[in-house]
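I set out to record what could be looked up in this structure.

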Amino acid sequence: MMSDSQTVYPVLIGLMGSGKSSIGRRLAAHLGLPLVDLDAVIVEQAGCSIPDIFAGKGEEGFRDVETRVLAEVIGGAAVLATGGGIVMREQNREILKQHPPVIWLKATPEFLARRIDGDTNRPLITGGDTLNTLQGLARVRYPLYEACADFILPRGDMTKSEALAAIIEFLQTWQKR
Ligand code: S3P
């Protein structure tokens, strides 16, 4: 656990499959904080799954809920793992920039496709060419993630333990600013 008084509440961003929840869980344990998974809060509040929300309200309807829940939970004493599309709305990007540090788990579409191909809980990739979809999302979203990030972690090049160590090192520097 970090020894300084605890005022750092990291926010994790990145494409689906980049490890926001799994690395977030380890980071939260290290910091002695809970992990808040934005998608899980959305599912809990809606009382149905993400694919059901997409089916019922469409992607824009899901984004409305996502923005509302983001504003509700951000800034709480927790590590926050967001959904991959969180950067799509300017309003969300503004919210993220007001709550540093934001950490981008940057991974290539090839790396991600191997991890999430066949996942039925992610409406944006079901039934299509996962790699092609991820390449399209990366083209649009990489610049947006970059614009919001205080730290960029090259996810594909390291194990989860190495990734965690790199984030912890960054947070120590961040705290001493
Ligand atoms: C989405 C990513 C998902 C979830 C929803 C939309 C996206 O979260 O919010 O399916 O637009 O990339 P994960 O990144 O946790 O898979």
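**Order of elements**

I read the elements of the protein chain from the N terminus on, and they run β-α-β-α-α-β-α-β-α-α-β-α. The secondary structure comes to seven helices and five strands. I note here that the model is a predicted one.

**Overall dimensions**

I looked up the extent of the C-alpha trace, which spans about 45 × 35 × 25 Å along the principal axes of the protein chain. I then asked how the radius of gyration of the protein chain stands against that of a compact globule. A compact globule with 177 residues would have a radius of gyration near 16 Å; the protein chain has 16 Å, so the two agree.

**A cis peptide bond**

I checked the peptide bond from Pro100 to Pro101 and found that it is cis, with omega near 0°. I located Pro101 in the loop between helix 4 (90-97) and strand 4 (102-106).

**The ligand site**

I asked which pocket the ligand takes up. The space taken by the ligand is the largest pocket. I recorded 13 residues surrounding the ligand, and the closest are Lys20, Asp39, Arg63, Arg122 and Arg141.

**Contacts of the ligand**

For Arg63, an N or O atom of the side chain is 2.6 Å from a ligand oxygen atom. For Arg122, the distance from a side-chain N or O atom to an oxygen atom of the ligand is 2.7 Å. For Arg141, a polar side-chain atom lies 2.7 Å from an oxygen atom of the ligand. Finally, I noted the cover over the ligand: taken alone the ligand exposes 390 Å², and the protein buries 95% of that.

Terms used
Residues are numbered from 1 along each chain as its sequence is written. This is a predicted model: local features need pLDDT of at least 70, side-chain atom pairs count only at pLDDT 80 or more; totals for chains, interfaces and linings use all residues. Side-chain values use heavy atoms; hydrogens and water are left out. A residue is near a molecule or strand if one of its heavy atoms lies within 4 Å of it. A polar contact is a pair of N or O atoms within 3.5 Å; within protein, one must be able to donate a hydrogen and the other to accept it, and residues adjacent in sequence count only if both atoms are side-chain atoms. Accessible areas come from the Shrake-Rupley method with a 1.4 Å probe; for residues, only the protein chains shown count as cover. On a 1 Å grid over the protein atoms alone, a cavity is a set of points where a 1.4 Å probe fits but cannot get out, and a pocket is an open set with protein on both sides within 12 Å along at least five of seven lines; lining residues have an atom within 4 Å of a point. A molecule sits in a cavity or pocket if more than half of its atoms lie within 2 Å of its grid points. Helices (H or I, at least four residues) and strands (E, at least two) are DSSP runs, numbered from the N terminus. The radius of gyration is taken over C-alpha atoms; the globule rule is 2.2 Å times the number of residues to the power 0.38.
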